[in-house]
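Thanks for coming. I'll walk through one model this morning, one piece at a time, and take comments at the end.

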Amino acid sequence: MFDLKLENGIIVTMEPGCRPFVGSIGVTDGRFAAVCEGALPGEARERVDAAGKIIFPGMVNGHVHGDMTVLRGLGDGLTLLEQNEIYEPRRYFLEDLTKEDLFWSRQLTYIEAIMSGTTFLLEHEYTSLGKDSIRAMAETGIRGGVSDDIQDRLAAGGAKALREDYAAFFSECREQGILPVVSSLSEEFFDEEQLRLIEEFARDSGVLITQHFAETDWRSRHIAEHFRTTPVRYLQERGLLDIAPIIGSHAVQVDREEVGMLGRADFRVVNTPLCEMKIADGVAPIPDYLAAGVPVGLGTDGGLWNNSNDLFREIKGILLLHAITGGVRAVSARQALEMATIQGARVFGLEKELGSIAVGKRADFITIDTDAPHLCPLRLGHYDNVLSTLAYSVTGQDVRDSYIGGRAVMRDRSLCRVDRKRIMEAAREAGERVLARYGPRELLRPEN
């Protein structure tokens with residue numbers, strides 16, 4: 001007997017070469033136990049008629065900054081360098097936001113993600129909330145990882161402090177099903193000794209490294225001025241690409257030869273196309289990464305740099321951006337959808353567990369209601385347009401249900417685990433309280 005059976009849905013598995021079909025899925029013990037065309041024999045404790053809905057893998061958001069969601073929109077009209085000049089003296093308001101504020105800000109991020117189709121995300125925290133970092137995720141039901149900033153610990157006590165401080169946190173993350181990740185240095189803080197220590201620590205502890213990487217021209221100029229090289233070549237020349245797997249967020253300022261270097265290393269990319277456009281970072285060489293076999297996932301970044309955590313916007317954004325810069329066939333709809341699903345899972349080494357609908361994988365999936373004018377007509381068969389519809393027409397608002405480990409975390413747009421209104425009100429109050437401390441001249445912003 002299945003725990004859950006969904007029938008009559010349009011299934012898009014995102015397995016290699018998949019074609020959409022009308023069929024059924026069965027879930028047992030939190031994993032896909034059956035996937036088939038047509039009816040699925042066997043009883044189930046719960047049956048769902050998914051007629052008129054697309055059944056799609058839960059998406060992977062590889063880069064969020066939940067701490068900034070309560071400040072959504074403050075970065076409008078500003079480059080990252082300009083934001084640093086205005087907000088860095090205030091530590092991006094982190095001294096004004098309490099840990100409770102940050103907790104609510106993160107939960108607001110996670111419910112927005114769930115409600116727009118994400119079932120796994122990586123939180124790049126600015127301030128460690130300790131156990132509450134884990135609790136913020138666990139309460140909402142979302143699957144994910146926490147990337148802890150390593151710089152303060154490095155300054156406090158080097159390798160010994162890293163091992164001692166992180167051991168308990170890593171253990172608790174794993175007990176709660178959270179992926180622990182170490183956040184390494186951005187280019188303006190590059191130091192060979194520290195980078196080597198971080199990467200050897202990651203290798204020995206079996207965790208992934210992530211870092212903001214080759215994101216902006218001014219960071220690349222910093223490396224050129226101080227080390228007479230580029231961010232990629234800095235790591236390559238010092239043997240740092242070969243110590244441990246690295247997830248490079250953004251990875252914009254990279255040339256074709258460097259793409260080859262990254263393709264030969266265990267390097268993965270999380271690109272945030274709407275963020276890159278909004279703050280004018282530039283265009284990452286995504287087609288070159290794909291050709292070189294570099295795993296590429298998608299992320300949304302934070303409330304000051306994008307304003308939205310809807311991955312469907314990122315899918316369409318990366319397609320349109322590269323159509324303009326590389327031609328209409330530079331990135332295909334299938335490739336963009338893969339970045340949000342199976343390739344996103346591959347970035348985190350989780351492709352055997354997540355990212356597609358396949359027997360044995362964790363049953364993380366969403367349903368999308370197709371009964372809407374902007375999703376009509378939807379066609380199967382010779383003139384199939386289901387993947388096109390997912391990539392170009394669907395938005396997060398079309399997601400009706402979300403299941404993680406076979407359990408509903410959202411049904412018919414209603415969250416099952418947490419009180420949406422309570423989270424929104426607490427986050428709204430936190431943001432308004434912080435901004436009330438500053439006058440318009442203190443937060444100088446350009447005219448819209």
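I'll start with a helix packing. The buried residues of α15 pack against α2. This is a predicted model, so please hear everything I say with that in mind.

Which residues are these? In α15 the buried ones are I423, A426, A427, A430, G431 and V434. They lie on the same side of α15, because the arc they cover around the axis is only 130 degrees. As background, an α-helix has 3.6 residues a turn, so residues three or four places apart point the same way. On the other side of α15 we have K421, R422 and E432, which are exposed.

I also looked at the length of this helix. α15 runs over residues 420–435, and at 1.5 Å a residue its 16 residues should span 22 Å. The end C-alpha atoms are 23 Å apart, which agrees with that expectation. At the start of α15, D419 places a side-chain oxygen within 3.1 Å of the backbone nitrogen of K421.

α2 covers residues 99–115 and contains E112. What does the side chain of E112 meet? E112 and R72 form a salt bridge, at 3.3 Å from N to O. R72 sits in the loop between β6 (59–65) and α1 (80–87), so this pair links distant parts of the chain, 40 residues apart. R72 is partly exposed, with a relative accessible area of 36%.

How many salt bridges are there in total? The count is 33. Another one joins R45 to D3, where the closest N and O atoms are 2.7 Å apart. R45 is in strand β4 (residues 44–49) and D3 is in strand β1 (residues 2–11), so the bridge ties together parts that are 42 residues apart in sequence.

E237 is exposed, with a relative accessible area of 54%. R238 counts as partly exposed at 21% relative accessibility, and the cut-off for buried is under 20%.

Next, the aromatic rings. The structure holds 14 aromatic pairs. In one of them, the rings of F32 and F365 have their centres 5.8 Å apart and their planes at 45 degrees, so this pair is tilted.

How are the rings of F227 and Y234 arranged? Their centres are 4.8 Å apart and their planes stand at 65 degrees, so the pair is edge-to-face. F227 counts as partly exposed at 28% relative accessibility, whereas Y234 is buried, with a relative accessible area of 1%. Elsewhere, ring pairs link Y87, Y92, F93, Y126, W305 and Y438 into a cluster.

Now a histidine. H124 is found in strand β7, which runs over residues 118–124. Is H124 buried or exposed? H124 counts as buried, at 3% relative accessibility. Which side chain does H124 reach with a polar contact? The side chain of H63 is the partner, at 3.2 Å. Leaving aside neighbours within four places in sequence, H124 touches G62, H63, V64, H65, S147, T210, H212 and S249.

For contrast, a residue at the surface. G326 lies in helix α11, residues 311–326. G326 is exposed, with a relative accessible area of 54%. From G326 to R143 is 183 residues in sequence and 34 Å in space, C-alpha to C-alpha.

To recap, the buried side of α15 packs against α2, and E112 in α2 bridges to R72. The salt bridges number 33 and the aromatic pairs 14. H124 is buried and counts at 3% relative accessibility. That is where I'll stop.

Note on methods. Residues are numbered from 1 along each chain as its sequence is written. This is a predicted model: local features need pLDDT of at least 70, side-chain atom pairs count only at pLDDT 80 or more; totals for chains, interfaces and linings use all residues. Side-chain values use heavy atoms; hydrogens and water are left out. Helices (H or I, at least four residues) and strands (E, at least two) are DSSP runs, numbered from the N terminus. Buried means under 20% relative accessible area, exposed over 50%, partly exposed in between (1.4 Å probe, protein chains only). A polar contact is a pair of N or O atoms within 3.5 Å; within protein, one must be able to donate a hydrogen and the other to accept it, and residues adjacent in sequence count only if both atoms are side-chain atoms. Contact means heavy atoms within 4.5 Å. A salt bridge is a side-chain nitrogen of Lys or Arg within 4 Å of a carboxyl oxygen of Asp or Glu. The expected span of a helix is 1.5 Å times one less than its number of residues. The arc is that of the directions from the helix axis to the C-beta atoms. Rings of Phe, Tyr and Trp (its six-membered ring) pair if their centres lie within 6.5 Å; planes under 30 degrees apart count as stacked, over 60 as edge-to-face and the rest as tilted.
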